[in-house]
Amino acid sequence: MRSARATACSNIALVKYWGKRADTDPDLNLPDVGSLSLTLADLATVTTVRPAVDGRDHFELDGVPLDGRPARRIAEHLDRVWAAAGLRGSRPACVVESENHLPTAAGLASSASGFAALTCAAAAAFEADLDDAALSALARRGSGSAARSIFGGFVRLDRGVRPDGSDCVARPVAGPDHWDVRLLVVRTTTGPKKVGSTEGMERCRTTSPYYRAWVETSEADLDAATEAVLDRDIDRLGPIMEHSCFKMHAAMMASRPPLLYWKGTTVDAIHEVWALREAGCPAYLTIDAGPHVKVLVPANRADEAAGRLRTVPGVEAVTIHAPGPAARVEVLP
Ligand code: 2P0
């Protein structure tokens, strides 16, 4: 094996992924709904994979050694990439060093950029000859949203129907230069969330009476949103994006026990986005499995919208992000 370094950007789903297929191998991590996302510039993870001279795996994130479940997830993922590379024998021990370049104000999860960067760096380190679709399918097995971070700009991940997941593939719908929009990250609070996405999705699937409705209606949103992106029509995309978000959160809230990721400031920020719209600014929101609000606006309205959202009591920071590039990798000497 050789050494390689990869950089991958985070992404935000405009049409959401929430829930995993129950009829397939859990290791494939197949989503129950397709999703459509925007890869974001500036919010990146940089990951280096090198051979371990002492024959033992060693993983670090931002200079801090990892152990327990995070370390197991990385080791399992390296095993998957090794197997996909079709190489004989057992996987060589690896040193994995990861740095998150997410502005401290972003309040974003790093599993999307993290598993995308790890997949690309490991594949290059193992000299695996994999195309972007294969890298994306591998990244998905580390974390569903990571499948989308292999590509830049607007990315669609189809659910697929096959039991082996071979038709669950991500593809770029439009590159980062297709449409001059910005995504505002409105941070409402700090601190880790109480229920992680993987556990939350399973609770929602098994207990929420609205889960089936969420799944059955999401495909139509995906098709309509894809068309609106291609037409650069924010007033068609925005209502679909908000509908997808509120359906997902309604299904979450109807779980037992309930999954309520919002804080009071989240609700105040929602109303501020709607007030902005009434005042003529085409701003539309989405919310992930956390308390922050993400707002899509045309680039020339981003400063105005960010300024208004900063006045909402409890909002800690608002950052502005352009569409970002695909993951990239370099082989190190
Ligand atoms: C998304 N989320 O589409 C949705 C919206 C959160 C809400 O993808 O279990 O960390 O690793 O596949 O990718 C968060 O889920 O979950 C997520 P796993 P992941 O962006």
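Start by selecting Thr198 and the ligand: a polar side-chain atom of Thr198 lies 2.6 Å from an oxygen atom of the ligand. That is a polar contact, meaning a pair of N or O atoms within 3.5 Å; within protein, one must be able to donate a hydrogen and the other to accept it, and residues adjacent in sequence count only if both atoms are side-chain atoms. Taken alone, the ligand exposes 470 Å², and the protein buries 92% of that (areas from the Shrake-Rupley method with a 1.4 Å probe; for residues, only the protein chains shown count as cover).

A word about what is on your screen: this is a predicted model, where local features need pLDDT of at least 70 and side-chain atom pairs count only at pLDDT 80 or more, while totals for chains, interfaces and linings use all residues. Residues are numbered from 1 along each chain as its sequence is written, and side-chain values use heavy atoms, leaving out hydrogens and water.

**Around the ligand**

Next, select Tyr17 and Ser143. An N or O atom in the side chain of Tyr17 is 2.7 Å from a ligand oxygen, and the side chain of Ser143 has an N or O atom 2.7 Å from an oxygen of the ligand.

Now show the whole shell of 18 residues, where Lys20, Ser143, Gly144, Ser145 and Thr198 come nearest to the ligand (a residue is near if one of its heavy atoms lies within 4 Å). Which helix gives the most to this shell? Colour helix α4, residues 197-207: this helix gives 3 residues (helices are DSSP runs of H or I with at least four residues, strands are E runs of at least two, numbered from the N terminus).

Then colour domain 1 (3-176) and domain 2 (181-321); both give residues to the shell, so the ligand lies between them. These bounds come from an automatic or database domain assignment.

**On to the strands**

Select β9, β10, β8 and β11, which form an open antiparallel sheet of 4 strands in that order (two strands pair if DSSP finds at least two bridges between them). At the edges are β9 (284-286) and β11 (317-321), each pairing on one side only. Zoom in on Tyr284, whose bridge partner in β10 is Leu296.

Finally, go to β3 (residues 58-61). Strand β3 runs parallel to β5 (residues 94-101), joined by 4 bridges, and Leu61 stands opposite Ser98 in β5. With β4 (residues 64-65), β3 runs antiparallel through 2 bridges. Your last stop is Asp62 in the β3-β4 hairpin, which has 2 residues between the strands; Asp62 takes a positive phi near 50 degrees.
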